[in-house]
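Here are my notes for your first walk through this model. Keep the structure open beside you and find each element as we reach it.

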Amino acid sequence: MIPPKPKARAGRVSLREYVRLFRQDILSAQPARLYRAWMAEFKTPFFRSYLMNQPELVKTVLQGRPKDFPKSTRVSEGLRPLLGNSVFLTNGAEWERQRRIIDPAFEGGRLRDTFPAMWAAADAAVERLEPGQVEVEEHCSFAAADVIFRTLFSLPIEDRVASEVFREFRAYQRAQPVVNLAAFIPLPAWMPRPHKRQTRQSAAKIRALIRDLTARRMEDIQQGTAPDDLATKIMTTVDPQTGATFDTEEMVDQVAIFFLAGHETSASTLSWALFLLAMFPDWQDKIASESEGLTKGDLSEVSKLRVSRDVFREALRLYPPVPMMVRETTCPETFRDRKIPKGSQVVLSPWHLHRHERLWDNPDGFDPARWGTENGKQCMRDAFIPFSAGPRVCTGAGFAMVEGPLLLAKLVRAFRFDLVDGKTPEPVAHLTVRAKSGIWLNVARR
């Protein structure tokens, strides 16, 4: 059996039709040839974009010369109402300043400090899940949001403010297309951006709720009563170069991206992992068996979850939460003997790279054992970028690779997940790769 994959676009289409397809779903808007191409060019009246699949080119952009390829502002247009000036959107000196303050909170030792909160969230996810026919994306979103709130603000998802933020994020996720019109048409800085009314309203509500949480934490820090969680760590970290910390509004920007990146991406991957296990129950049984070793609630136990980790990693490969990343050239370039003008858009597509027919054995198949093969090890180095790579690698990558396998192992230890006849999920790209009508599974207690 082959896990579901969007049908590729048939033949050439006009720019107008491409924009329409792209705004509906960027995955099915692309031609099938991108699964074999090392590089592809796309022209519009306003700019040129180049998709890079060749590993050497990807490494040049992300790791070799990252400052020459900053994040494209075109794609960020659609996220600006929610994320403001967060580390996800900034470039240059501002981005470097933000990372100097944020990175210490996610260093190795902090994982041990936050692990009890992850463990508690995983237990709560097991308690909430009821047997029957379940739409697991929503359940996984709730669980991932719980992890973020417990580790960031020491609040369970049942807290009133945490619940409100979660609901508004769900509304924002559904209302926001992957790209704003400005991704195709360059707009001057003074011109208002064409955001949907619902998008603007949801973003404003989320930011107001986060602002209240952040202001209260500022007061707790000043009074010496703040818990030692990620929010306190970030808000009290001093930039070693300037001596400054984040103010409340800057912290709102950062919390917004922590929640979006940490909750959306983990929920997406966990949902697809459960579906894949329902498709391939022998792997589900392996996880159930290995998870019996989880008894102490200690971070060291996660190293024993080898099958859970490989399954989660395979879900990241087949359904990377962020399917495409866009950079911009700051000077003329030559790639594969092709001249690329300054200001061109460079598209790096984990979706296509992770399924590239010239790189991976059985690229569309589900095979967690591949990570122990020579091909799998080589591709992990050269063609696996679910968290990006280089200086802009996701700060929470290590966090996610503990959280994901842990949640997966605890859920599978408690429940069996089976397919629902007639409800095969269809992958589409919203803010992350989700299923068009949800992921429905039959859930039974073990």
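1. Let's begin with one word: contact means heavy atoms within 4.5 Å. Please also keep in mind that this is a predicted model. Now look at helix 12, residues 281-290, where Trp283, Gln284, Ile287, Ala288 and Glu290 are buried. Which elements cover these buried residues of helix 12? Among them are helix 11, helix 13 (306-318), helix 16 (397-414) and strand 8.

2. Strand 8 leads us to a sheet. It is an open sheet of three strands in the order 3-11-8, with antiparallel pairing. Strand 3 (132-135) and strand 8 (415-419) are at the edges and have a single partner strand each, so one side of each has no neighbour in the sheet. On average, neighbouring strands here are turned by 40 degrees against each other, direction ignored. As background, strands of a sheet pair through backbone hydrogen bonds, either parallel or antiparallel.

3. Zoom in on one pairing of that sheet. Strand 8 and strand 11 (residues 440-445) are joined in the antiparallel sense by five bridges. To find your place, look for Phe417, which stands opposite Val443 in strand 11.

4. Two helices lie across these strands. Helix 11 (residues 248-279) lies across strand 8 and strand 11, at about 75 degrees to strand 8.

5. Rolling a probe the size of a water molecule over the atoms shows where empty space is left. How many cavities of 30 Å³ or more does a search of the whole structure find? The search finds one. The largest cavity has a volume of about 50 Å³. Helix 7, helix 8 (160-175), helix 9 (197-223) and helix 11 each give at least two residues to its lining, and the largest share, four residues, comes from helix 7.

6. What kind of residues line the largest cavity? By class, there are ten nonpolar, no polar and no charged residues. Including Phe149, Phe153, Phe169 and Phe259, the lining also has Ile148, Leu152, Val165, Ile210, Leu213 and Val255.

7. Next, visit strand 2 (residues 48-52), which is mostly covered, with four of its five residues buried. Strand 2 pairs with strand 1 (residues 39-43) in the antiparallel sense over five bridges, and Phe42 stands opposite Ser49 there. Strand 2 and strand 7 (residues 345-348), by contrast, run parallel and are joined by four bridges. In strand 7, Leu348 is the bridge partner of Met52.

8. Finally, check a loop. Most residues other than glycine have a negative phi, and most peptide bonds are trans. Arg336, in the loop between strand 5 (333-335) and strand 6 (338-340), has a positive phi of about 50 degrees although it is not a glycine. Asp337 is found in the loop between strand 5 and strand 6 too, and its phi is near 65 degrees. Are these residues buried or exposed? Arg336 is partly exposed, with a relative accessible area of 45%, while Asp337 counts as exposed at 78% relative accessibility.

Key. Residues are numbered from 1 along each chain as its sequence is written. This is a predicted model: local features need pLDDT of at least 70, side-chain atom pairs count only at pLDDT 80 or more; totals for chains, interfaces and linings use all residues. Side-chain values use heavy atoms; hydrogens and water are left out. Two strands pair if DSSP finds at least two bridges between them. Axes are lines fitted to C-alpha atoms, for helices over the stretch in contact, and angles run from 0 to 180 degrees between N-to-C directions. Buried means under 20% relative accessible area, exposed over 50%, partly exposed in between (1.4 Å probe, protein chains only). On a 1 Å grid over the protein atoms alone, a cavity is a set of points where a 1.4 Å probe fits but cannot get out, and a pocket is an open set with protein on both sides within 12 Å along at least five of seven lines; lining residues have an atom within 4 Å of a point. Grid points are joined across faces, edges and corners, and a volume is the space filled by probe spheres set on the points. Ala, Val, Leu, Ile, Met, Phe, Trp, Tyr, Cys and Pro count as nonpolar, Asp, Glu, Lys and Arg as charged, and the others, Gly among them, as polar.
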